[in-house]
Amino acid sequence: MAPDFFKTSQTTYPTQVAHFDELIANNQLSHLYLFVGPSQPKKLAFSRYLAWQIVGDSDLNAIRIEKNEHPDVKITQPSLPKSGHGTRRVWKVEQIRNLTPDFVTTTQESQRKVFVFDAVETLSGASGNALLKFIEEPAGPQLIVMLAENVNDVLKTIQSRAQIVHLLPEIPIDDSDDIVDNDWRKKTQLLLFKWFELMMQRRIESFAYVQLQLIDQLKEEKQQELFLEWLHQLSRDTVVFGQVPDEQLMFPKLVGLYKTLVQHYTNQQLVQASDAIFSDDHLRKINVSLQTRLEKIVLNTTLALGE
């Protein structure tokens, strides 16, 4: 029976699963990846899937990885705060140093050790430097995976050493009912494409477009979810355009727009714009109106592209 992390990875990141399966099969994995994107549980599931493929995809290994008991796989999260010091987990220097025995020993059962570090945006300068020491002096073959929601919150020293991968969910939302019928879908996608183009061109009209065109089109929660899913897919396309075949893009008919964007902006600017769009995931969790959220996306994206 396939483990839950396998099912989650296959349904959420099918393109990335196929890509990394090929890298593993051809022995082309880098030793350090920074996975950026929403949904901490899904990114962790994908990390467990990669570890499982590397150490052996047996049922026993799946169980041990899920329980964090495999001797060659170490999945670590930031420390919980002390009582009265808030709720945010933070990486501490001593926590990194306590991993020394794992870093300086070679594998016991596999050809490569796997380390997964969650929420690396909470690394401080000191804890980040402690971690970099081990990254740069591995005891043997290793795969190090770091997870974050926003690449701009990650230490520059980490960013510069890692291969950055944007993990964007590809889960199709059920659209079988009248809320997202075919006419609504066609009209809404056209509105989205126009708004996205205005926003990526840093046009002031993109602010007014939210109220004048989008809000009345997105009255139901399911419609809003699908719209934002499409927006995420658009953002992904701009980042990976030119790195994957056009047929693997979510909206290949927008290749002309993507070509214009990569000619006008650097890859760094496009990544920053993508992060600005994904920052909306935080606002979804609190009581902020859709109009305010979309306008904030416009503002943050405009600022990101102007840097």
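In which kind of crossing, left-handed or right-handed, does α9 pass α10? Before I answer, please note that this is a predicted model, in which local features need pLDDT of at least 70, side-chain atom pairs count only at pLDDT 80 or more, and totals for chains, interfaces and linings use all residues. Residues are numbered from 1 along each chain as its sequence is written, and side-chain values use heavy atoms, leaving out hydrogens and water.

The answer is that α9 passes α10 in a left-handed crossing, meaning that the near helix is turned anticlockwise from the far one by less than a right angle; clockwise would be right-handed. Helices here are DSSP runs (H or I, at least four residues), numbered from the N terminus. Helix α9 covers residues 182–200 and helix α10 residues 205–214; they pack at about 165°, with axes 9 Å apart. Axes are lines fitted to C-alpha atoms over the stretch in contact, and angles run from 0 to 180 degrees between N-to-C directions. The two helices are therefore roughly antiparallel (over 145 degrees). In contact (heavy atoms within 4.5 Å), residues of α9 including W195 and L198 meet residues of α10, among them Y209 and V210.

I turn now to helix α3, residues 40–55, which holds both F46 and Y49, three residues apart. Their ring centres lie 6.5 Å apart and their planes are at 25°, so the pair is stacked (centres within 6.5 Å, planes under 30 degrees apart). Both F46 and Y49 are buried, that is, under 20% relative accessible area with a 1.4 Å probe, protein chains only. Finally, G56 follows α3 and has a positive phi, near 120°.

Terms used: Rings of Phe, Tyr and Trp (its six-membered ring) pair if their centres lie within 6.5 Å; planes under 30 degrees apart count as stacked, over 60 as edge-to-face and the rest as tilted. Buried means under 20% relative accessible area, exposed over 50%, partly exposed in between (1.4 Å probe, protein chains only). Angles under 35 degrees count as roughly parallel, over 145 as roughly antiparallel, 65 to 115 as roughly perpendicular and the rest as oblique.
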